[in-house]
Amino acid sequence: MSDGPPPRFISPHAEGEFYWTAGADGRLHLQRCGDCRRWIHPPGPVCPYCHSRALAPEAVAGTGTVATFTINRKEWIPGFEPPYAFALVELDEDPTIRLGTNIVGCDVDAVRIGMRVEVEFEENGEFFVPLFHPIENG
Amino acid sequence: MNEPIERQAVISGAAQSEIGRRLYRTGLDLTIEASLRAIEDAGLTVDDIDGISTYPGSGGPFGGISGAELHDALRFSLNWRDGALETSGQLGAVHKAVLAVAAGLARHVLVFRTVVEGSGGAVRAGGGGGGMGGGMPPAFQYLIPYGVTSAANWIACYAQRHMHDYGTTREQLGAIAINARTNAASNPQAIYTDPMTMDDYLGIRMISDPFGLYDCDVPCDGSTVVIVSHRDYAPDAPNGAVHVNAMGTALRGRPSWDQFDDLTTMAMRDSAASMWERTELTAADVDTAQLYDGFSWLAMAWIEALGFCGKGEGGPFVEGGSRIAPDGELPLNTWGGQLSGGRLHGFGFLHEGVMQLRGTANVQVADCEVAAVGAGGGPESGCLLLTKEIR
């Protein structure tokens, strides 16, 4: 991607705003149920498993594995310059949760399923956008 | 098994409007054209139609042509009307029409899907109906920021994982695209009819790996209409009535493009399973399959979901194209599919299924008595099993 962050059209829903702002402290946060302790994504108003409302963002390690990916080679959005890698990353804390993200810090053609990755944040206006890069020797 | 309620319904008429890349006609205009043709095809008049069903209805970021506008444009007098996005895929409009007829709410329901994406395509994000219109649902708020606004991107991720887990190749996906193109050559309404070789397929520019341009369907303008009637009307349908044997409506996984539990299939897994739960027919009875190919891999996923081969065996099944050719064991997308026939959003497959069972298709499958029609990708999915005689 070229100079400056690309336009990302972030428009958080009520429960999801923290996902795009909590990275200010350099850590990835996900919603977690205070009662059954399961992770929830995308965030919602009620735990889908135990129906508790005791939900709060909680920091995770920010590491995971590329479950699948695509290299986008067509320009859909002016200023969001191809090629770029979009991946679904399975989170170490709960691999049933997948985070959509861009893989950065490596050639797009080096992205592989099974690749170990960790989070970094792109400051983009008022938001801190979770991106993932390969873990060295991961 | 008690007789499933959908056996009360038949498709007594089917027709399409003019179909093209840039017709510069309004969606309502095209819908009226297809409607009048379908009503005549069914041997009915405007006054006989007492129901309208459409996908996705008007309103919302993905809204389509309004059923109410059609209602008024032809001055229908209705006993029932429906149009909604949140249903069992594009064919959900048919499912609901069948239920309305079986329940006695209506006797002849006009069902339509109209697209004007060829002319209006400049504002669309691409195949699959993706877009960045207002009121973005929460599920898309975790995709759009990463530059993936198109279903091409989202579905490419599933195709990639299918390739990784099962060894599926681009040449195998290409067999689906080439089969579609070959069949489209006999369809006077098809968008792309020039012959395509594997070299053409592999050489075209990439869109979103593993999809190149020829893995993506082609936007077009056009309207497809079917008339769903009570089966009592079948003997009076001048062009023959096609029977609804079973409907597949299940949505058992998360309704999500990225959180579905299995990255090598999609919601068609559940539509297909629920359809087979409602019939004694099996995949072995199917004479032709008309399966959604908004992207090439979706047709492969439908082939697997419906059990024409095992899970993960879709690649070898379609390889070389002979099994899915018109004279093969599973003639597939004989009208050219959305890949070459045009992105009629599920209803092109439905129309072709009806033509095949009537015996009037452009590329006619011999002795065609059972047709499987599946539409949708991602969390949008639904299917139908249609038969020539009541089974």
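This is a predicted model: local features need pLDDT of at least 70, side-chain atom pairs count only at pLDDT 80 or more; totals for chains, interfaces and linings use all residues.

Biologist: Where are the domain bounds in chain B?

Modeller: Domain 1 covers 5–122 + 221–236, and domain 2 covers 143–216 + 243–387. Taken over C-alpha atoms, the centres of the two domains of chain B are 23 Å apart.

Biologist: Switching to the chains. How many residues of chain A are in contact with chain B?

Modeller: 29 of chain A, against 29 of chain B. On the chain A side, β4 (63–72), β5 (84–91) and β6 (94–103) give two or more residues each. β4(A) gives the most, with six.

Biologist: What about the classes there?

Modeller: The side of chain A that touches chain B has 16 nonpolar, nine polar and four charged residues.

Biologist: OK, the sheet in chain B. What's the strand order?

Modeller: It runs β3-β2-β4-β7-β1-β8-β11-β10-β9 in chain B. That is an open sheet of nine strands with mixed pairing.

Biologist: Why do β3 and β9 of chain B have one side without a neighbour in the sheet?

Modeller: β3 (80–83) and β9 (288–291) of chain B stand at the edges with a single partner strand each, so one side of each is left without a neighbour in the sheet. From one strand to the next, the twist averages 25 degrees.

Biologist: How do β8 and β11 of chain B run, parallel or antiparallel?

Modeller: Antiparallel, with five bridges joining β8 (residues 242–248) to β11 (residues 382–387) in chain B. In one of those pairings, Val244(B) has Leu386(B) in β11(B) as its bridge partner.

Biologist: What does helix α8 of chain B touch on the sheet?

Modeller: Helix α8 (residues 268–276) touches β8, β10 (370–375) and β11 of chain B. Its direction makes about 125 degrees with that of β8(B).

Biologist: And α12 of chain B?

Modeller: Helix α12 (residues 347–358) packs on the sheet too, touching β1, β4, β7, β8, β9, β10 and β11 of chain B. The direction of α12(B) makes about 175 degrees with that of β10(B).

Terms used
Residues are numbered from 1 along each chain as its sequence is written. Chains are lettered from A and ligands numbered from 1 in the order in which they are written. Domain bounds come from an automatic or database domain assignment. Two residues are in contact if their C-beta atoms, placed from the backbone, lie within 7 Å. Helices (H or I, at least four residues) and strands (E, at least two) are DSSP runs, numbered from the N terminus. Ala, Val, Leu, Ile, Met, Phe, Trp, Tyr, Cys and Pro count as nonpolar, Asp, Glu, Lys and Arg as charged, and the others, Gly among them, as polar. Two strands pair if DSSP finds at least two bridges between them. Axes are lines fitted to C-alpha atoms, for helices over the stretch in contact, and angles run from 0 to 180 degrees between N-to-C directions.
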